[in-house]
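Trainee: I would like to go through the labels used for this structure and see what each one rests on.
Mentor: Fine. Look at it first, then ask.

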Amino acid sequence: AGKDRNIYVLDQSNLGKFNPAMDAIYQLLSNALPNGTWSSPAWFNGKLYYGGVSDTLKAFAFSNGKFSLASHSANSFGYPGTTPSISANGTSEGIVWAADNVSPAVLHAYDASDVSRELYNSNQAPGGRDHFGDGNKYIVPTIADGKVYVGTTNTVGVFGLLTRKLHRDDEVDQTDPLNY
């Protein structure tokens, strides 16, 4: 995929060798990325994830030898789109991470099985607690040791689970995942 809006699926064992009679394209997804893409995709459990320019994050499922659109995020990502990253527990509990190049930058987390389900974004916490600086072109979330790292123009945002010690008389709100 690139700036021409299309995703091309090619046979890696048959690249090159110009043939004037036909294109050796296995599958062409025309206009799959309406404004093109300046990023790389991510792959997890039979799905390809792309975040094109001024477009939603899209998951394309691979089935019966072809790709088809499986789901897309509700929000879109401005210029230059987003480069998704995956965290998972083996082949389960997949999360697609995507950074939005805005000010302040926003880190999004989506359910890898259906990216229309946003699990978290860094604008949700009260008082701007999870804001981490201005966006930067081509920022890629990097996952290591249970944390997500996102570079900005002059900082690195580090995201992980919040922990706090509970006392016996503390009340815990079971609907708030950060409280238990």
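Trainee: Which residue is the bridge partner of Ala 98 in strand 9?
Mentor: His 108 is the bridge partner of Ala 98. Keep in mind that the model is predicted.

Trainee: What makes strand 8 and strand 9 a pair?
Mentor: Two strands pair if at least two bridges are found between them. Strand 8 (residues 92–100) and strand 9 (residues 106–111) are joined by 6 bridges, so by that cut-off they pair. The two strands run antiparallel.

Trainee: What is the order of the strands in the open sheet of 4 strands?
Mentor: The order is 7-8-9-10, with antiparallel pairing. Strand 7 (85–89) and strand 10 (114–121) are the edge strands. On average, neighbouring strands are turned by 30° against each other, direction ignored.

Trainee: Why are strand 7 and strand 10 called edge strands?
Mentor: Each of them pairs on one side only.

Trainee: How do you know that strand 11 pairs with strand 12?
Mentor: The same cut-off of at least two bridges applies. Strand 11 and strand 12 (residues 147–151) have 3 bridges, in the antiparallel sense, and therefore count as paired. Ala 144 stands opposite Lys 147 in strand 12. These strands belong to an open sheet of 3 strands in the order 11-12-13. Its edge strands are strand 11 (142–144) and strand 13 (156–159), and the twist averages 25° from one strand to the next.

Trainee: Why is Leu 10 called partly exposed?
Mentor: Its relative accessible area is 45%. Buried needs under 20% and exposed needs over 50%, so Leu 10 falls in between. The residue lies in strand 1.

Trainee: Is Gln 27 buried or exposed?
Mentor: Gln 27, found in strand 2, has 11% relative accessibility. The cut-off for buried is under 20%, so Gln 27 counts as buried.

Trainee: How do you know that Gln 27 makes a polar contact with Phe 67?
Mentor: The side chain of Gln 27 reaches the backbone nitrogen of Phe 67 at 2.8 Å.

Methods:
Residues numbered from 1 in each chain as written. Predicted model: local features only at pLDDT ≥ 70, side-chain atom pairs only at ≥ 80, totals over all residues. Heavy atoms only, no water. Axes fitted to C-alpha atoms, helices over the stretch in contact; angles between N-to-C directions. Buried < 20%, exposed > 50% of the residue type's maximum accessible area, 1.4 Å probe, protein only. Polar contact = N/O pair within 3.5 Å; in protein donor to acceptor, adjacent residues only side chain to side chain.
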